[in-house]
Amino acid sequence: MINPNDRLLVISTSTIHGFSFLEYIKDEIKEFIQSDEIIFVPYARPSGISYDDYTQNVKDALQTVGISVKGLHTFENKKEAILHAKAIFIGGGNTFLLLKTLYELGLIEELRSVVHNGTPYIGTSAGSNLTGLTIGTTNDMPIVYPPSFDALQFLPFNINPHYLDPDPNSTHKGETRETRINEFHKFNHQVVVGLREGSWLRVENGVVELKGKLSARIFRQNEQPIEFESGILEEKVYRI
């Protein structure tokens with residue numbers, strides 16, 4: 001179900017409490033890409049940050065582990081840049097804006113092609129949403145309209161990054177994250193993996209491994225959600 005050539009780091013968040021941007025995950029990134037160069041895709045623009053500033057943040061974070069970073073926005077021929085990238089990193093922000101921009105630039109098929117041919121792919125937050133079947137389980141507001149909710153579809157399920165458990169002491173009466181995913185499952189059948197902050201999926205040779213110190217919450221249509229501890233996520237867990 002997963003292309004055996006795909007190499008993915010599907011990271012819930014770029015920043016966790018007590019650490020600077022990418023600090024907790026940069027050694028994993030370095031070991032994973034087996035390269036010293038990344039093309040960074042800044043189109044999700046968290047908080048409306050500019051492409052240059054967003055890329056600079058990534059440069060500053062990864063230079064300490066010997067990785068050089070080039071922003072995709074700086075290339076005149078972006079398709080060629082993707083096709084020749086040693087590794088690709090798509091950052092977080094607004095998933096709707098990210099996907100809309102990639103469709104407008106005609107980069108969806110190029111991204112699928114290079115990853116299926118073995119180019120390492122790293123996603124955080126919105127970039128992780130794109131690895132699933134659709135972006136229907138993003139936490140973001142639809143501030144723009146992509147032509148489709150179809151994502152890159154490297155994984156045969158959906159991702160919900162930044163997954164939050166209900167606070168039993170909270171007086172908040174609005175919907176929980178679990179409620180929102182249950183609403184999604186009234187109209188969609190694919191499995192949803194809720195990734196808590198500080199956790200990530202590493203995908204190689206068709207095998208999905210949950211890494212980090214926290215469990216993930218697995219949602220299947222018409223079933224009770226289950227907690228999955230770190231380790232290999234067997235196909236039967238996410239297969240429909």
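Leaving aside its neighbours within four places in sequence, which residues is Asn160 in contact with?

Guide: The model is predicted, so local features need pLDDT of at least 70 and side-chain atom pairs count only at pLDDT 80 or more, while totals for chains, interfaces and linings use all residues. Residues are numbered from 1 along each chain as its sequence is written, and side-chain values use heavy atoms, with hydrogens and water left out.

Apart from neighbours within four places in sequence, Asn160 touches Thr137, Asn139, Arg177, Ile181, Val192, Val193, Gly194 and Leu195; contact here means heavy atoms within 4.5 Å. With Thr137 there is also a polar pairing: a polar atom of the Asn160 side chain lies 2.8 Å from the backbone oxygen of Thr137. A polar contact is a pair of N or O atoms within 3.5 Å; within protein, one must be able to donate a hydrogen and the other to accept it, and residues adjacent in sequence count only if both atoms are side-chain atoms. Asn160 counts as buried because its relative accessibility is 2% (buried is under 20% relative accessible area, exposed over 50%, partly exposed in between, with a 1.4 Å probe and protein chains only).

Asn160 belongs to strand S6; strands are DSSP runs of E, at least two residues, numbered from the N terminus. S6 (158-160) is an edge strand, as is S11 (226-228), each pairing on one side only. The open sheet has four strands in the order S6-S7-S10-S11, with mixed pairing; two strands pair if DSSP finds at least two bridges between them. From one strand to the next the twist averages 30 degrees, taken between N-to-C directions on a scale from 0 to 180 degrees, with axes as lines fitted to C-alpha atoms.

Further into the sheet, S7 (residues 192-194) and S10 (residues 216-219) run antiparallel and are joined by three bridges. Val192, one of the contacts of Asn160, stands opposite Phe219 in S10.

S8 (residues 200-204) pairs with S9 over five bridges in the antiparallel sense, and Leu201 has Leu210 of S9 as its bridge partner. The two strands form a hairpin with two residues between them, and Asn205 in the turn has a positive phi of about 55 degrees. In S9 (residues 207-211), Val208 and Leu210 make up the covered face, whereas Val207, Glu209 and Lys211 make up the uncovered one. S9 is also joined by three bridges to S12 (residues 231-233), again antiparallel, with Glu209 opposite Ile232.
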